[in-house]
Amino acid sequence: ILNIDSFKEINDFYGVEIGDKVLKKVATILRERVGIVYKLSGDEFAILDGDKFNLKRKIESIISFMDRAKIIIDNNEIQISFSSGIGPTLSKADMALKYAKKTRHKNVIMFSENLPIVKEYENNLKWKNIIKFAIEHKNIYTYVQPIFDTTTHKITKYECLMRVEDENGEVLTPYQFMDILESMAIYSEYTKSMIYKAFKQFKDNEYEFSINFSLSDIQNYHTIEFFKKMISNYPNVAKRCTIELLENEAVENFNLVNNFFKDIKKYGVKTALDDFGSGYSNFAYIFSLELNYIKIDGTIIQKILEDNKMKVLLQTLVKMAHSIDMKVIAEFVSDEEIFDELKVIDVDYAQGYFIAKPTKSL
């Protein structure tokens, strides 16, 4: 498979009409040099040859020719380069191509079972099967981790965390499967399941609780409609609910996130930024969001005892947050020394294994 590098940029810069002419010109050049060429989707072409080494020489010759050639389309001189993957089947050639695109250190990659991307594909497939098994057997659980109020010295909140149980009964965390799950069409069903179970679990008590959303959740109409339906059905529970979003995702689409936060605050739902400080973003930009809490990234909390810069950063964040009526939650509070230092710094809440590990029940 031959793929034109950065073809989207050609389309964006010169327009789709010229992009189509580029595809036709490339097809003509390929046909002149190798004979039969197959057009795949988008900007990809396929060439068949029973001898993989002969095929590799052909591809390298094409790439070398294109590096020297000048393609003129409607008085525009356009430079074309290729990435290529060679394999015994279309899917394996595609895998080799993706690895060529990913590494960028070679234009042509020959498929091999030893390619790192093969292990990645196998791992992705394994996790997809685990997730499908969990759906079929209803092995999706809401675990909760306590959040300790450093002023009242009580557990006042819980964070709801997704857990999946595999066929061997092993409990798996989102860190192991979330990237795969988000790429699957069923992802929104997982989020809706978390929302439903969280509201059910907390409807008969007075604790506050938080649910993690991703940017794709906020962008999904059906997920948001389901969330609003739960808010409507349980208005008093909604007032104890906090939606957490990762800091980097808030930065990625500020206006969308801010509008969503403003919308749900009408119903009394609170908002929080998770992993705050992980990207050392423009704090003024972030603090302009409609927020109730910021959750300080664990990499900062874990270093406050030995790294004075991290301690000063945390002190600064706490002062900034308190000045605009935001509360601060420290994550990854792993021992008593860190916990005691957080109280001195005036952090409002502590969450981590020193307080308690996530469990099925409150």
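A salt bridge here is a side-chain nitrogen of Lys or Arg within 4 Å of a carboxyl oxygen of Asp or Glu. The model is predicted, and it holds 20 salt bridges.

**Salt bridges**

| Pair | N to O distance |
|---|---|
| Lys8 and Asp12 | 2.8 Å |
| Lys21 and Asp74 | 2.9 Å |
| Lys265 and Glu290 | 3.8 Å |

Lys8 and Asp12 both belong to helix H1 (residues 7-14); because they are four residues apart, about one helical turn separates them. Both Lys8 and Asp12 are exposed.

The side chains of Lys21 and Asp74 also meet in a salt bridge. This pair links distant parts of the chain, 53 residues apart: Lys21 is in helix H2, and Asp74 is in the loop between strand S4 (71-73) and strand S5 (76-78). Lys21 is partly exposed at 32% relative accessible area, and Asp74 is partly exposed at 43%.

In the salt bridge of Lys265 with Glu290, the N to O distance is 3.8 Å. Lys265 sits in helix H12 (residues 254-265) and Glu290 in the loop between helix H13 (283-287) and strand S14 (293-296), so the bridge ties together parts 25 residues apart in sequence. Lys265 is partly exposed, with 28% relative accessibility, and Glu290 is partly exposed, with 29%.

**Pocket and cavity**

The largest pocket has a volume of about 1000 Å³. Its lining comprises 37 residues, and those nearest the centre are Leu161, Pro174, Tyr175, Asn212 and Asp274. Two or more lining residues come from each of strand S9 (154-165), helix H6 (174-182), H7, strand S11 (208-212), strand S12 (241-246) and strand S13 (270-276). H6 contributes the most, with eight residues.

One cavity of 30 Å³ or more is present. The largest cavity holds about 60 Å³ of space. Among the residues that line this cavity are Lys157, Phe209, Thr242, Glu244 and Ile329. S9, S11 and S12 each supply at least two residues of the cavity lining, and S11 gives the most, with three.

**Helix H7**

Helix H7 (residues 187-202) has 16 residues and spans 23 Å from its first C-alpha to its last, close to the expected 22 Å. Its buried residues include Tyr187, Lys192, Met194, Ile195, Phe199 and Phe202.

**Loop residues and a surface patch**

Most residues other than glycine have a negative phi. Asp325 has a positive phi, near 60°, and lies in the loop between helix H15 (308-323) and strand S15 (327-330). Asp325 has a relative accessible area of 72%, and is therefore exposed. Phe332 likewise has a positive phi, near 55°, and is placed in the loop between S15 and helix H16 (336-345). Phe332 is partly exposed, at 47% relative accessibility.

Phe213, in the loop between S11 and helix H8 (215-219), is buried, with a relative accessible area of 5%. Its C-alpha is 49 Å from that of Arg57, and the two residues are 156 apart in sequence.

Ile36 is in the loop between helix H2 (16-34) and strand S2 (38-39). Ile36 is exposed, because its relative accessibility is 59%. Together with Tyr38 and Leu48, Ile36 forms a nonpolar surface patch with about 350 Å² of accessible area.

Note on methods: Residues are numbered from 1 along each chain as its sequence is written. This is a predicted model: local features need pLDDT of at least 70, side-chain atom pairs count only at pLDDT 80 or more; totals for chains, interfaces and linings use all residues. Side-chain values use heavy atoms; hydrogens and water are left out. Patches are made of residues with over 30% relative accessible area and no salt bridge: like charges are joined within 9 Å, nonpolar side chains (Val, Leu, Ile, Met, Phe, Trp, Tyr) within 5 Å. Accessible areas come from the Shrake-Rupley method with a 1.4 Å probe; for residues, only the protein chains shown count as cover. Buried means under 20% relative accessible area, exposed over 50%, partly exposed in between (1.4 Å probe, protein chains only). The expected span of a helix is 1.5 Å times one less than its number of residues. On a 1 Å grid over the protein atoms alone, a cavity is a set of points where a 1.4 Å probe fits but cannot get out, and a pocket is an open set with protein on both sides within 12 Å along at least five of seven lines; lining residues have an atom within 4 Å of a point. Grid points are joined across faces, edges and corners, and a volume is the space filled by probe spheres set on the points.
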